[in-house]
Amino acid sequence: MTVSSAGGSEPSAAGPPPVPVETVAGAVESVFREEHGRLLAALVRRFGDLDLAEEVTSAALEAALVHWPVQGVPRSPGAWLMATARRKAVDRLRRDQAYAAKLALVRVDMVTEVPEAAEFPDDRLQLFFTCAHPALPEEARGALMLRCLAGLSTAEVARAYLVPAAAMAQRIVRAKRKIREARIPFRVPGADELPGRLPGVLQVLYSVFTEGYVASSGPLLQRVDLAGEAIRLVRILRRLLPAEREVTGLLALMLLVHARRAARTGPGGAVVLLEDQDRALWDGPMIAEGLALVRVALTGGPAGPYAVQAAIAALHDEAASVSTTDWPQVVALYDVLLALDPSPVVALNRAVAVAMRDGPAAGLAAVDAVGGAGRLRDYAPFHLARADLLQRLGRLVEAVEAYRRALDLAGTDPERDHLRRRLEGVGAQVGRLS
Amino acid sequence: MKYMLLINAGAITGEGSAADCDVQDWVNFDKAVQDAGIFVSGESLADLVTATSVRVAADGSRTVVDGPFAETREVLGGFYVIDVPDLDVALDWAARCPGARGSGSVVVRPVADFGA
């Protein structure tokens, strides 16, 4: 008996049956998602114009949908799409010489030779830097990356960000217009500029990830897709910049956090805190991959902020429970992180770790020190941390006050539901005592 | 591609001229722009107290008023137009401009191209 492969529709040995159309459509879709960014980046490099590159990338896909069901999927689908897209671009520029002139292509003939089925170089790195360019509005950078490099449609990007499709389309169109009209270049920054520019790229990717991890607003706490897309993009970036340890650190951080996704929400999307999570639901292989990457990111020089955050996530992932977590080490890593990134949010996380190490009284003192002078007044996690510690210290009236403040500031329905349950719990405690 | 660098002075003295301004820095910057062959035009503007605003209403009547005075913290103190390949190069020149330091800032605007 032979062990059959995973698919149920393997072609028989008698001869290849006609490929069903839906299989071809599926092949086109998966090839397209994989090749979209590479194709687009190569075309942008060739023609220096994002709109033209997008137009002919889409046209090439449509051509594939027409031809592949009839002629079969080509041996090298990416090269086929590339050759088709280039031909369409040349046709377009021949028809519209004014447009060609605008792109400063002196002779369209320059771009006519199309090496069929040749491997084209990977030009995606420059597209990463263009999409994350600091001259673009912050809310457009992640959307642009998802659109151009992850191959998501504008409608998909809009859904991911819970923004109406028309609003997202406008955001992307405006950003592309700025790229074109202000002439934001498609180029990889030189070695001297890279330390200044790479953190911006990583920040965009991390914001896409966190947007998927805790939605900033709306009914759903997690949107796994967006986090998954961010991981996919960082993997691509890591292949392009293998020596940059912060890229590795960011990938490790994402994997080590994403590994807990199945345990983070309960029935109906309810929030499950780290201390209550069923750790059996954590993704073991993903944690293993993240741990291996953390080691790489921490080796060979001073660690960057993403590597340190990944190391903290690793300590959580390696522990069997919250009580057996190595809190002294967590606090020590937060000290390192605070030196690299002296922000009140990092200081708050450190204070929460202090509470775990030294008890709620010391923790509350640390939290209040961070929140001094009203610095975190409008930051829900600050009030939640206070509420939790006050409750543990039996200062219930103050705890109720802090939970209410956190509830006012919480962004998603599951977070609000969770806070309401906590509030009811404290309320019941207060009732019993009075 | 032409870009205009709009040089805004942050802190203004009582006479309406830019504070924290070192003449030698400006001389050096100007020379660098000239030497790089990117200079198209550039001027330093006289003090804000000398400014006058003109508006023409729908009926053609003209209103002339003294000012504007610094309602915002930043006041346009001068400009350069440079011709460079792309925004990154323009931003590099803006960053070298003495007007970008301290309380000042430089706004980089591409010059509209209506096709020659």
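Tutor: We need one cut-off at the outset: a residue is called buried under 20% relative accessible area, exposed over 50%, and partly exposed in between. By that scale A:Arg180, with a relative accessible area of 37%, is partly exposed, and A:Asp51, at 26%, is partly exposed as well. Please keep in mind throughout that this is a predicted model.

Student: How many salt bridges does a search of the whole structure find, and what distance separates N and O in the one between A:Asp51 and A:Arg180?
Tutor: The general idea is that side chains of opposite charge can pair when their charged atoms come close. Over all chains, the search finds 28 salt bridges. In the one you name, the side chains of A:Asp51 and A:Arg180 meet with 2.4 Å from N to O. A:Asp51 belongs to helix H2 (residues 50-71) of chain A and A:Arg180 to helix H8 (residues 165-181) of chain A, so this pair ties together parts that lie 129 residues apart in sequence.

Student: Which chains does the salt bridge between B:Asp88 and A:Arg187 involve, and where do its two residues lie?
Tutor: The side chains of B:Asp88 and A:Arg187 meet at 2.5 Å, N to O. B:Asp88 sits in helix H2 (residues 87-96) of chain B, while A:Arg187 sits in the loop between H8 and helix H9 (194-213) of chain A, so the pair joins two chains. As for accessibility, B:Asp88 counts as buried at 8%, whereas A:Arg187 counts as partly exposed at 26%.

Student: What is the sequence separation of the parts that A:Arg261 and A:Asp283 tie together?
Tutor: A:Arg261 forms a salt bridge with A:Asp283, and their closest N and O atoms are 3.3 Å apart. Since A:Arg261 lies in helix H12 (residues 261-264) of chain A and A:Asp283 in the loop between H12 and helix H13 (284-298) of chain A, the pair ties together parts 22 residues apart in sequence. A:Arg261 counts as partly exposed, at 24% relative accessibility. Salt bridges can also share partners, and in this way A:Asp51, A:Glu54, A:Arg147, A:Lys176, A:Arg177, A:Arg180 and A:Glu181 are joined into one network.

Student: How should I read the packing of two helices, and at what angle do the axes of H5 and H6 of chain A cross?
Tutor: Two packed helices are described by the angle between their axes and the distance between the axes. Here the axes of helix H5 (residues 124-131) of chain A and helix H6 (residues 138-148) of chain A come within 9 Å and cross at roughly 155°. Angles over 145 degrees count as roughly antiparallel, and H5(A) and H6(A) are therefore roughly antiparallel to each other. On the H5(A) side the contact is made by A:Leu127, A:Phe128 and A:Cys131, and on the H6(A) side by A:Arg141, A:Leu144, A:Met145 and A:Cys148.

Student: Which backbone values deserve a second look?
Tutor: Most residues other than glycine have a negative phi, and most peptide bonds are trans. A:Leu162, although not a glycine, has a positive phi of about 55°; A:Leu162 is placed in the loop between H7 and H8 of chain A and is partly exposed, with a relative accessible area of 42%. A:Arg183 likewise has a positive phi of about 55° without being a glycine, and lies in the loop between H8 and H9 of chain A. In chain B, a cis peptide bond with omega of about 10° joins B:Gly67 and B:Pro68, with B:Pro68 placed in the loop between strand S4 (62-66) and strand S5 (75-83) of chain B.

Student: In what order do the elements of chain B run from the N terminus on, and which residues form a nonpolar patch with B:Val56?
Tutor: Chain B has two helices and six strands, and from the N terminus on they run β-α-β-β-β-β-α-β. Of the 116 residues in chain B, 30% are buried. The surface patch consists of B:Val54, B:Val56 and B:Val64, which together have about 290 Å² of accessible area.

Technical notes. Residues are numbered from 1 along each chain as its sequence is written. Chains are lettered from A and ligands numbered from 1 in the order in which they are written. This is a predicted model: local features need pLDDT of at least 70, side-chain atom pairs count only at pLDDT 80 or more; totals for chains, interfaces and linings use all residues. Side-chain values use heavy atoms; hydrogens and water are left out. Patches are made of residues with over 30% relative accessible area and no salt bridge: like charges are joined within 9 Å, nonpolar side chains (Val, Leu, Ile, Met, Phe, Trp, Tyr) within 5 Å. Accessible areas come from the Shrake-Rupley method with a 1.4 Å probe; for residues, only the protein chains shown count as cover. A salt bridge is a side-chain nitrogen of Lys or Arg within 4 Å of a carboxyl oxygen of Asp or Glu. Helices (H or I, at least four residues) and strands (E, at least two) are DSSP runs, numbered from the N terminus. Buried means under 20% relative accessible area, exposed over 50%, partly exposed in between (1.4 Å probe, protein chains only). Axes are lines fitted to C-alpha atoms, for helices over the stretch in contact, and angles run from 0 to 180 degrees between N-to-C directions. Angles under 35 degrees count as roughly parallel, over 145 as roughly antiparallel, 65 to 115 as roughly perpendicular and the rest as oblique. Contact means heavy atoms within 4.5 Å.
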